[in-house]
Amino acid sequence: MRRDIQQVPFGYVPSVEERKGTLVFYDSFEHITDQELQIAAKAAVDRQFTKLVLYPLHEETVRRMSKEPVLAFHKREDRLHEWKREQGRSYITVEGLEGKRKKYTPIDSALRHIADVYPSPYFLYLTPEMANQFASFSSFEEWIVKLRLLLSAAPTRLHPRLEKYRHRWNVVGEEDSDS
């Protein structure tokens with residue numbers, strides 16, 4: 001077995017990665033405007049995330065979560081790809097897991113997939129409505145200790161679990177010292 005030995009100058013200090021982690025925008029993207037996508041992209045840059053992952057939900061997932069009618073998955077996904085191309089930013093990714101599965105995907109499965117594929121730490125970018133839905137799931141307390149939430153706006157109504165874990169989420173635009 002051959003080993004290549006590399007020499008480094010005395011006092012060499014490897015550069016520290018300034019960007020870290022993944023911001024995941026988890027939504028149906030049915031009612032999300034380009035301006036709201038822009039705000040999420042700006043939040044990713046401002047908070048120095050390595051990746052902004054746009055995670056569109058399959059229509060079956062949306063149907064089970066909210067009973068809300070939505071456009072076909074591929075139409076919403078195509079719109080996100082078009083927006084991403086217009087931005088020309090390499091740190092933005094459109095996650096296609098739900099399009100490959102073509103069925104309901106529990107949020108636990110989605111979060112496990114994200115943890116397997118993207119660099120940590122993990123932040124979920126959610127609308128207040130989606131945050132309340134996430135908090136209503138039994139697995140919320142298991143996941144909230146592994147990730148943080150970044151809400152697009154201040155919620156008018158808080159789920160009791162969101163209130164309990166208030167220290168694990170922030171609203172875009174609010175200053176916080178933890179991230």
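Two strands are taken to pair if DSSP finds at least two bridges between them. In this predicted model, strand β2 (residues 51-56) pairs with strand β1 (residues 22-27) and also with strand β3 (residues 92-94). Helix α1 (residues 34-46) lies on the chain path from β1 to β2 and packs with helix α3 (residues 73-87).

**Strand pairing**

- The pairing of β1 with β2 is parallel and comprises 6 bridges.
- The pairing of β2 with β3 is likewise in the parallel sense, over 3 bridges.
- Leu54 in β2 has Phe25 standing opposite, and Leu54 also stands opposite Val94 in β3.
- In a regular strand, side chains alternate between the two faces of the sheet.

- Strand β2 is mostly covered, with 5 of its 6 residues buried.
- The chain reaches β2 from β1 by way of helix α1, and this β-α-β crossover is right-handed.

**Packing of α1 and α3**

- The axes of α1 and α3 are 12 Å apart, and the two helices pack at an angle of about 60°.
- Angles of 65 to 115 degrees count as roughly perpendicular and those under 35 degrees as roughly parallel; α1 and α3 are therefore oblique to each other.
- The crossing of these two helices, α1 and α3, is right-handed.
- On the α1 side, Asp34, Leu37, Gln38 and Ala41 make the contact.
- On the α3 side, the contact is made by Arg79, Leu80, Trp83 and Gln87.

Conventions:
Residues are numbered from 1 along each chain as its sequence is written. This is a predicted model: local features need pLDDT of at least 70, side-chain atom pairs count only at pLDDT 80 or more; totals for chains, interfaces and linings use all residues. Side-chain values use heavy atoms; hydrogens and water are left out. Buried means under 20% relative accessible area, exposed over 50%, partly exposed in between (1.4 Å probe, protein chains only). Helices (H or I, at least four residues) and strands (E, at least two) are DSSP runs, numbered from the N terminus. A crossover is right-handed if, with the strands pointing away from the viewer, the path from the first strand over the helix to the second runs clockwise. Axes are lines fitted to C-alpha atoms, for helices over the stretch in contact, and angles run from 0 to 180 degrees between N-to-C directions. Angles under 35 degrees count as roughly parallel, over 145 as roughly antiparallel, 65 to 115 as roughly perpendicular and the rest as oblique. A crossing is left-handed if the near helix is turned anticlockwise from the far one by less than a right angle, and right-handed if clockwise. Contact means heavy atoms within 4.5 Å.
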